[in-house]
Amino acid sequence: MTSIYSGELGDDFERLHPMMQWRFGFSSLDETCQIGHGVMQEVWRGRWWILPFLLLGSTRRVLFPSRGKQVPFTIANYAYVDRFGRETVTWARRFHFPRRTRAFDATMIHSKKRDTIVDYLGTHQHLAVDLHCWVDDDGAMCLRSGEQRLYEGPLAFRFPLLFSGVAEVREWWDSAAESFRIEVHVANRRFGPLFGYRGSFTVDERPCAADQIPGDVLPIREEARE
């Protein structure tokens, strides 16, 4: 079984920097995990009127209103097969601000039905976002969010992009610093910039079987709808 990112990129996966291939190349069959530690040079948010949305999102580990500079950061990536038989990768991000730690969680699958990666945001996978991936000329992994769908109990509907944010992510290997770098920018075409961060981190790979994945990085509820 290949990684969901290798399956999505196809031959272009080989255009990633070798360290980026290592970073995005593992699957549940490898029984391993990647734990990253670093510092976000800046974590920012948009104007005051978006605070209610960020506060609401923080209750389910989807974005948050805190901002700062030189914020310690950790990220935990585990690959496993979910209860619907889908190859899944966790993105459990923790931002350690002076007064509290903020969490931003996601689990990703490759959807055959949608022919793209689907990113489930938050603790209950209530927001499903199509992710479009490509490799730039520097061998970086680039992602941009597309259609978004809200699943809450029996409710299911497409979330209008007019009222949501488009996320753009670029992650690359900095050979000089021997670390990974990342830039995340979320914006709404009407309301402007919403949220983002930029910084660097290093990653250690560790053995990890499926039954060893910590419960706090797994979603509380798994959503079958893609």
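**Legends to close-up views of a predicted model**

**View 1. Overall fold of the protein.** The protein contains three helices and eleven strands, where helices (H or I, at least four residues) and strands (E, at least two) are DSSP runs numbered from the N terminus. Read from the N terminus on, the elements follow the order α-α-β-α-β-β-β-β-β-β-β-β-β-β. The radius of gyration, taken over C-alpha atoms, is 17 Å, close to the 17 Å that the globule rule gives for 226 residues, so the protein is as compact as a globular protein of that length; the rule itself is 2.2 Å times the number of residues to the power 0.38. Along the principal axes, the C-alpha atoms fill a box of roughly 45 × 45 × 35 Å. This is a predicted model, in which local features need pLDDT of at least 70 and side-chain atom pairs count only at pLDDT 80 or more, whereas totals for chains, interfaces and linings use all residues. Residues are numbered from 1 along each chain as its sequence is written, and side-chain values use heavy atoms, with hydrogens and water left out.

**View 2. Interior and surface of the protein.** Of the 226 residues, 51% count as buried, a term that means under 20% relative accessible area, with exposed meaning over 50% and partly exposed in between (1.4 Å probe, protein chains only). The protein exposes about 11400 Å², of which carbon and sulfur atoms supply 53%; accessible areas come from the Shrake-Rupley method with a 1.4 Å probe, and for residues only the protein chains shown count as cover.

**View 3. Cysteines without a disulfide.** Searching the whole structure finds zero disulfides, a disulfide being a pair of cysteine sulfur atoms within 2.5 Å. For Cys 142, the nearest cysteine sulfur is that of Cys 133, 9.4 Å away, and Cys 142 counts as buried at 6% relative accessibility. Cys 208 also counts as buried, at 7% relative accessibility, and its sulfur lies 4.5 Å from the closest cysteine sulfur, in Cys 33, which is too far for a bond.

**View 4. Surroundings of Gln 41.** Gln 41 lies in strand E1, which spans residues 32-45, and is partly exposed with a relative accessible area of 34%. Leaving aside residues up to four places away in sequence, Gln 41 touches Gly 68, Lys 69, Gln 70, Arg 181, Arg 198 and Gly 199, where contact means heavy atoms within 4.5 Å. Gln 41 and Asp 216, which are 175 residues apart in sequence, are 26 Å apart in space, C-alpha to C-alpha.
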